[in-house]
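Me: I would like to go through this structure with you, one topic at a time. Shall we begin once it is on display?

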Amino acid sequence: MCGIIGCVGRGDETLDTLVHGLSKLEYRGYDSAGVALANDHIDLCKHSGKIADLREALSDRTLSGSVGIGHTRWSTHGPPTDENAHPHQDCTGDVAVVHNGIIENYQSLRDELVGAGHTFTSDTDTEVVPHLIEDALSSGADPEDAVRETVDRLEGSYAVAVVIAGCDSVFAARNDSPLVLGIDDDATYLASDVPAFRDFTDKVVYLADGEFARLNGAGWTVTDTDGNIIEKDIDTVQWDPEETGKSGYDHFMLKEIHEQPRALRQCLRGRVDELAGTVDIGDLGDLSPTGVQFVACGTSYHAALHGAQLFREAGIPAQAFLASEYATATPPIGDALVVGVTQSGETADTLSALRAARRRGARTLAVTNVVGSTAARECDHALYIRAGPEIGVAATKTFASQLAALNLLALGTSSTGDARQVISALRDLPGHVQEVLDESAAQEVAELYQDASAYFFIGRGYQNPVALEGALKMKEITYKHAEGFAAGELKHGPLALVTENTPVFAIVTGDDERARKTIGNVKEVEARDAPVVAITDGQSDVERYADHVLHIPETHPRAAAVLANTHLQLVSYHTAALLGRNIDKPRNLAKSVTVE
């Protein structure tokens, strides 16, 4: 959630650098935004709304200082108002703080501070932090010690950054919320995510839980809770900053849908040998799982459902769990491999589930997109999906890459009789996705059904998770009611909701028993006058019963799931565009959910 940016060493360009960084982080939250610059006093400006509203507020203000922090907010404590926007200050106005996460003991701290005479101006949990720092400073602590003392009193998840009047440093600490440093020759940056400063440097340092950073004109230091210096590795970001731009597309989401062929090539590169019929994920070691438990949330959970089916079909017991449920009611694990599927590697519920598994002695694997993320560092193994940066809140190319990566994981750790056919289909997948993108009639379908009262999505086997994901995309960006079902479950209740104004998207691939049974479900809704949109490879006769058809190339059922999903992404996108929705920034949602 929320995005943090900080920088030192940019001189007169500090303010512009902070606002630019916030614009790159707006996918993490867009309820309000603000900046604070430190010199002999604190210059601060914040505003509810988007970054554009902050820019307008700054247009008639003069802020100065070569040390600064900024924040874009996704609301947790308190509504999105000017008062609740970050940064927050103490009573003196000499301390400014930005924060991502949830301070669980904020109420007791706030009660204590109010009792001591402090005045609060917001509803947020964050505001306790500057007041605690103020108390420590008034007791004689130097700025760094004051921040350290304050952080020691916080409970919960947090990433905090602090500037203090008369001090040339940015102080930062993290616990269960991401922070990364950007290292340049003459400047140092701090952010929740790399895109905030990628235009300036590709050198990064990932902070771990419990670490404390100080950035100033002399450079940067990272220390532990006792103040001991930690030697940190400097990594190099492999992707180009241009990848975080729209490249001429109207929306990031549409751009990222069209980037799926490249993302899939990156995921597969160097990992599959079609001639030998083998997969090479040797950097993971010999996992040889006798059972697999997947934990994930949202779109990643739908990918996890796909992954669990892959392992079950290979004869390995596997289940997919919602991470939030797994973390609070962990099932028996035995010697199962626990796999966390998380695009960002920072999803709080998934991290909690993985930690619960590790406490029980389980081996853990992160399937993630972000090198250096918390999940990647904390798990025993990490399999990177290599999708490149994804800015749109609604996941698209990362879901496709997750499906491909999970196929590689299953092929590389278990045996299946059709491995060569699967590998061949995976190698063809980028080209097949491009074919769907070039020829899809999704926009025409969206135009016909943009005024529908609800949308239903059905599929069996590998297509069941795709149906669930298709419904989620429709809900996320159109704000219309949509539900996904295993096709056989439609008649066990949901059929009562089907009318002539509820189009049913039926994913039917192949011509096996699953396809024939799904066609039976199509006939059921057709008999209730519901319009049917079939997503099919043409192997069955579902087209006879459909009002509209979205075609995919004939391929292995595993790869067909990715192709069908591409059509559904486009249907949701075009429907949202026709309805005038804010596609890249859907209401109430943020890209990376780093609070539980």
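**Cysteines, helix packing and a strand residue**

Reply: The model is a predicted one. To begin with a cysteine, Cys45 counts as buried, because its relative accessibility is 4%.

Me: How many disulfides does a search of the whole structure find?

Reply: The search finds zero disulfides.

Me: Is Cys7 buried or exposed?

Reply: Cys7 is buried, because its relative accessible area is 1%.

Me: Changing topic to the helices: at what angle do α3 and α4 pack?

Reply: Helix α3, residues 106–115, packs against helix α4, residues 128–138, at about 45°, and their axes are 10 Å apart. The angle therefore makes α3 oblique to α4. The two helices form a left-handed crossing.

Me: Which residues make that contact?

Reply: From α3 they are Tyr106, Leu109, Arg110 and Leu113, and from α4 they are Val128, His131, Leu132 and Asp135. By class, this contact of α3 with α4 comprises five nonpolar residues, one polar and two charged.

Me: What about α4 and α5: what is the angle there, and how far apart are the axes?

Reply: Helix α5 covers residues 143–153, and α4 packs with α5 at an angle of about 130°, the axes being 8 Å apart. α4 is therefore oblique to α5.

Me: Is that crossing left-handed or right-handed?

Reply: The crossing of α4 and α5 is right-handed. On the α4 side, the contact is made by Val129, Leu132, Ile133, Ala136 and Leu137. On the α5 side, Pro143, Ala146, Val147, Glu149, Thr150 and Arg153 take part. The contact of α4 with α5 has eight nonpolar residues, one polar and two charged.

Me: One more topic. Where is Thr364?

Reply: Thr364 is in strand β20, which spans residues 363–368. Thr364 is buried, as its relative accessible area is 0%.

Me: What does Thr364 touch, not counting residues up to four places away in sequence?

Reply: With those residues left out, Thr364 touches Leu337, Val338, Leu354, Ala357 and Arg358, as well as Glu378, Cys379, Asp380 and His381.

Technical notes
Residues are numbered from 1 along each chain as its sequence is written. This is a predicted model: local features need pLDDT of at least 70, side-chain atom pairs count only at pLDDT 80 or more; totals for chains, interfaces and linings use all residues. Side-chain values use heavy atoms; hydrogens and water are left out. Axes are lines fitted to C-alpha atoms, for helices over the stretch in contact, and angles run from 0 to 180 degrees between N-to-C directions. Helices (H or I, at least four residues) and strands (E, at least two) are DSSP runs, numbered from the N terminus. Angles under 35 degrees count as roughly parallel, over 145 as roughly antiparallel, 65 to 115 as roughly perpendicular and the rest as oblique. A crossing is left-handed if the near helix is turned anticlockwise from the far one by less than a right angle, and right-handed if clockwise. Contact means heavy atoms within 4.5 Å. Ala, Val, Leu, Ile, Met, Phe, Trp, Tyr, Cys and Pro count as nonpolar, Asp, Glu, Lys and Arg as charged, and the others, Gly among them, as polar. A disulfide is a pair of cysteine sulfur atoms within 2.5 Å. Buried means under 20% relative accessible area, exposed over 50%, partly exposed in between (1.4 Å probe, protein chains only).
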